[in-house]
Number of protein chains: 2
Amino acid sequence: MASWNANKNTQNSTRQIVNPDLDIERKTASFSVERLTNILDGGAEKTQMRRTVEAMIQSDPVFSLENQYFMSQNERYEDAVRKSVHLSKMAAKMGWATGGPELAYCHRVLSANLAFNVHVVFVKSLMGLATDEQLAKWLPLAEKFYIVGTYAQTELGHGTYLRGLETTATFDAATQEFVLNTPSISAMKWWPGDLGRTATHAVVFAQLYLNGKSYGMHPFMVQIRSLRDHSLEPGVTAGDIGPKMSFENVDNGFLLLKNVRIPRENMLAKFSQVLPDGRYMKKGSAQINYLTMIVVRVLMLQNEVVPNLMKACTIAIRYSTVRRQSELKPGDREAKILDYQTQQQKLLPQLATAYAFYFVAKYLRDFFDRGYMETKEGKFDLLPELHALAAGIKVIATDYCSAGVEICRKACGGHGYSLLSGLPSLFTRQVAGCTYEGENTVLLLQTSRFLIKCLGMAQSGQPLPSSVAYLTSESFGKCQAQEKRDFLNPDVYTEAYRHRAFRVARNAAVKLQGLVQQGMAQHDAWNRCSVQLAQAAMAHSQYIVVEKFVKALETFGKEAAIQRVLKHLCDLYALHGIFSDLGDFVQDGYLSTKQAEMVTESYLDLLAVVRKDAVPLVDAFDFSDANLNSALGCYDGQAYQRLYEWAKKSPTNHQDNRIFETYLKPLFRNALSKL
Amino acid sequence: MASWNANKNTQNSTRQIVNPDLDIERKTASFSVERLTNILDGGAEKTQMRRTVEAMIQSDPVFSLENQYFMSQNERYEDAVRKSVHLSKMAAKMGWATGGPELAYCHRVLSANLAFNVHVVFVKSLMGLATDEQLAKWLPLAEKFYIVGTYAQTELGHGTYLRGLETTATFDAATQEFVLNTPSISAMKWWPGDLGRTATHAVVFAQLYLNGKSYGMHPFMVQIRSLRDHSLEPGVTAGDIGPKMSFENVDNGFLLLKNVRIPRENMLAKFSQVLPDGRYMKKGSAQINYLTMIVVRVLMLQNEVVPNLMKACTIAIRYSTVRRQSELKPGDREAKILDYQTQQQKLLPQLATAYAFYFVAKYLRDFFDRGYMETKEGKFDLLPELHALAAGIKVIATDYCSAGVEICRKACGGHGYSLLSGLPSLFTRQVAGCTYEGENTVLLLQTSRFLIKCLGMAQSGQPLPSSVAYLTSESFGKCQAQEKRDFLNPDVYTEAYRHRAFRVARNAAVKLQGLVQQGMAQHDAWNRCSVQLAQAAMAHSQYIVVEKFVKALETFGKEAAIQRVLKHLCDLYALHGIFSDLGDFVQDGYLSTKQAEMVTESYLDLLAVVRKDAVPLVDAFDFSDANLNSALGCYDGQAYQRLYEWAKKSPTNHQDNRIFETYLKPLFRNALSKL
């Protein structure tokens, strides 16, 4: 541990002295930071491997993030391509396998700075949708980046609703080709990553037409740029969609197709095929492809969403121990801002949230692996539950973790507004997750559709999947807590979340049923209940997060110190949730006025407890300084020195005197005689 | 109206055809849009004048915002200087007075694109702090931009807590000079706008030292750059603090002073003076300067915070009527997304919030004017109440309006993530307001200090200022509503907000008192209650917003259609607030379970009502297309066409082939033989 920390300090700075205000926080840790790091990594040997890989990356100047905050979108894109090509060479040299742990560790450090992001989805879609013959042709080329592909589904005027997509692929039996067209402006493919300036190929989703009849959405392999000179292929118009809130490393693009002809063999034909005579042939169910969507969401939580919040917590909590502001006790030195209850109330629930979603993402991943094995054996029973869970948890994870990053950013005051803090880019990147891989409201309503269905099954006495078994309840009665410490009992708060989830879902279902019974059309009634249905999906997902965190605690029975500190976080997460949505818990009298006050007091007490271990708890995430890339959040706590050094390098300090000469001098010379 | 709208359509586009999906929304307005615009402007003649000025600005190519989203920070700064200098010439030519309405209308269009922002504060601080003699010297130069000044208070390590500032000004009687120094890195002035690359002068706040004794913070006029060649003056180190989340037009800067000598006359001496022999002389109270801080906050709400939310609502609501997504009714065409309850639940409360804060900001402005008149007569009685109100409302306005902009942005799905939508820059700019002009948590605790003081006064039978008169209550009993329509009675919901404010404040005070009685030191007890004290300030401010909105409705008694639509918004604002913070209202049984359900139903019903007038209600804000600068939100609703046209202009589509030649070609040529 010691040597790694020393390593951190030298990575992008020559300073070795740790700010004493931060140093002292580490001396009182109630648990072994290294042990918790190992747990988060999945074992000490994995920590070791990760650190080795990260050290390799960080010692290579091509991978430096040093000037990232000063770059234009064009420069970020070029930098990303440079890094990606370099990484692929390094991986080849080191023998790191695609999908192996080493490359995953590389992505932990570089993910916001690489190109070819959607190329990965392109490869996955080939594996899911192509025949063996097609795979043999395309996959080896794609894996070595001899071609770069994109996944072109979303259109300018069409998002989640696939049936609404307008792009067409019409079979021409005479030439044995499909003719692809973009029939209107709103049908343009819009947003796919790597499409704007990189991709040579695209998996294009289009409505298949055979003899004038539509057969619905199908995937087609289309070459869009020349491999020789990168010029656009005939009939193809493509480009970059321009500046975005973040993701400057990605060339999101647009694509218009005008009578683009591709051979019949280029329809990805694992699940359906067009025969030479134009007949359509179905080849089994594409249900297994469901799993791709789910695993992408789970990986997104594990690799992006949770780590981003962890980084933001690391920066904000370390900075809050070196930032001093105002007197807490009259006459004393200005106090560390982390000692203010209001600052604890901002940051510590985010820290608990990061841990909570770490554990629930791990649970989801295990559940997915189980589901994946079962589908391989032809059993699809787990799929609906898995889909509903992954969707709901994707929503609250992206919602809470992006809100959490922004809370961390604001809690750093003015300096949190500087890009050099690292926080603005964490937020602008994180918040995109609320929209991509399934827009959050759309996903919530999918989860609530599952809940409503399960409530119906419960009514008719059918057994329910385990995560929703509570929907068979009649009532949960009242909360049994007698005094405020009872709210530190996981059974008590888990029950409260379960009760809330049950009540909200049942109320939505009752309202829905009532409207339909009054004669309202089902779709109108659904729309009229949709705010409450979305709430039901949120409440359900929240319950799962709390329940899985509590479950995870049980596995640390032999490590008292670790278990204790994680339990504080679990308690804090759960009580903060009740405190924040108190109405949900008191509205029907489940919590009494007195109990509501106990929750508040118990929650506020916990802030002071968790505060003591706050720095060790973020140190355990083990982000190197180079990875954080934050002037505020480095391991040594020398925030002001670093802000100043970094600011001096800004291009804004290297603009020539032309602005003065052109605009200001003619004004200022009028003052010369008067001063 | 018609001609203005035609004007809008041609301003930055040649299209005249309004998207029929948007057009139809305007045909069913329940009120006169033009009349509501006049009301918001303060009269028909003001609307006329504003439109004339805006048309002048928008027809001048120097003021074009066309390429704003493609510019680097350096380009934005240069563009801002160019525009500002051009505007000052135009103002001189037109005879527009500083502080007059014409320049205010110019700022409505250009505020995010001008330089010399803090120069305005510099001028205000001169007027507040300088003697008549000093004013006569500096003011004429500053008003004509012959010098540009900044206001250098905040330091790298010190924000709101003025006593903590470290910069020193030591009087040297021998030379009759002050010697200014930055004693440490954390003492560097950091953040002042216009400081980084523009300002020739700075009002520097420093600890005054006379004969080794500190006299606290005082303001000093310091020349920092040469008027002749813009080089830094001897002993001065200054520069730009680098990239930020937004405000690229502003050159926020840093400033280090090393033995910088200024003449004794350069201490701004309206309220205290140093005599030639080094004696300190106080010259009356600086209390009136309190007012500057207050008026800056009020103007910020009126000129920035509320208009930004209005713009975001305009963009998101117009777009939500042209965006179609999924089937609402099976077999129908894809539905306008504004017809989904979940979309209404996102956007319409933001629309109501924009109107609510428009009216409360107007109230605050009137209250300020009254307070200002009284202080001129030597009466300072209103100041504490005015300060507490302005602080609390600044907080909730910046909190709610920045959250509101972000909700609008997310509600536009993927396209809201494109800078071309105009929404990301509205958010990144808006959210800064939570930190500047008083960090929000700090301000809340100032307001709560006032509330606690008033509760104490109430206990001892003293009369209270009108906005807090409710703190004399004993109890509010229970809510009297019998059925859901009772919640459309402003008396019912205003009472609910008043009750909540009272309960939260009283509970915080009781807890505080209890802790002190148990022997806890006052400052510790305050800290232990600060989360709840901040909540009390929020609840109080919320009550004021609702109450003032209700009061404003009463002034439209003779205009039934306007009054009706504004009442819908007021109801929606109030009920959305209860719905969102339900716990606050049900926790003590003020609302029963049944009543809580009534609030929810009444609130959801209102969404469908306000939805009908949503487009006319944003049209009434009367932002021109050029002002919105949004590909999604233009008056004609041609969102997709415009997104495509704007994207094609992006610099990302004009990068040369070097990246392909350097990085990609060596890879892709490996595929040539295989495809």
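Visitor: What volume does the second largest cavity have?

Guide: The second largest cavity has a volume of about 50 Å³. Keep in mind that this is a predicted model. Here is the lining. From chain A come H107(A), R108(A), S111(A), N303(A), E304(A), P307(A), N308(A), K311(A) and F623(A). Two elements of chain A, α6 (101-110) and α9 (290-322), each give two or more residues to this lining. α9(A) gives the most, with five residues. By class, the lining of the second largest cavity holds two nonpolar, four polar and three charged residues.

Now the wider setting. The structure holds five cavities of 30 Å³ or more. In the largest cavity lies about 300 Å³ of space. Its lining counts 25 residues. Nearest the centre of the largest cavity are A112(B), N113(B), K311(B), L426(B) and R429(B). Four elements of chain B give two or more residues to that lining: α6 (101-110), α9 (290-322), α12 (423-430) and α21 (625-628). The largest share comes from α9(B), with five residues. By class, the lining of the largest cavity divides into nine nonpolar, 10 polar and six charged residues.

In the second largest cavity, α9(A) gives the most. In the largest cavity, α9(B) has the largest share. K311(A) lines the second largest cavity, and K311(B) is among the residues nearest the centre of the largest.

How values were computed: Residues are numbered from 1 along each chain as its sequence is written. Chains are lettered from A and ligands numbered from 1 in the order in which they are written. This is a predicted model: local features need pLDDT of at least 70, side-chain atom pairs count only at pLDDT 80 or more; totals for chains, interfaces and linings use all residues. Side-chain values use heavy atoms; hydrogens and water are left out. On a 1 Å grid over the protein atoms alone, a cavity is a set of points where a 1.4 Å probe fits but cannot get out, and a pocket is an open set with protein on both sides within 12 Å along at least five of seven lines; lining residues have an atom within 4 Å of a point. Grid points are joined across faces, edges and corners, and a volume is the space filled by probe spheres set on the points. Ala, Val, Leu, Ile, Met, Phe, Trp, Tyr, Cys and Pro count as nonpolar, Asp, Glu, Lys and Arg as charged, and the others, Gly among them, as polar.
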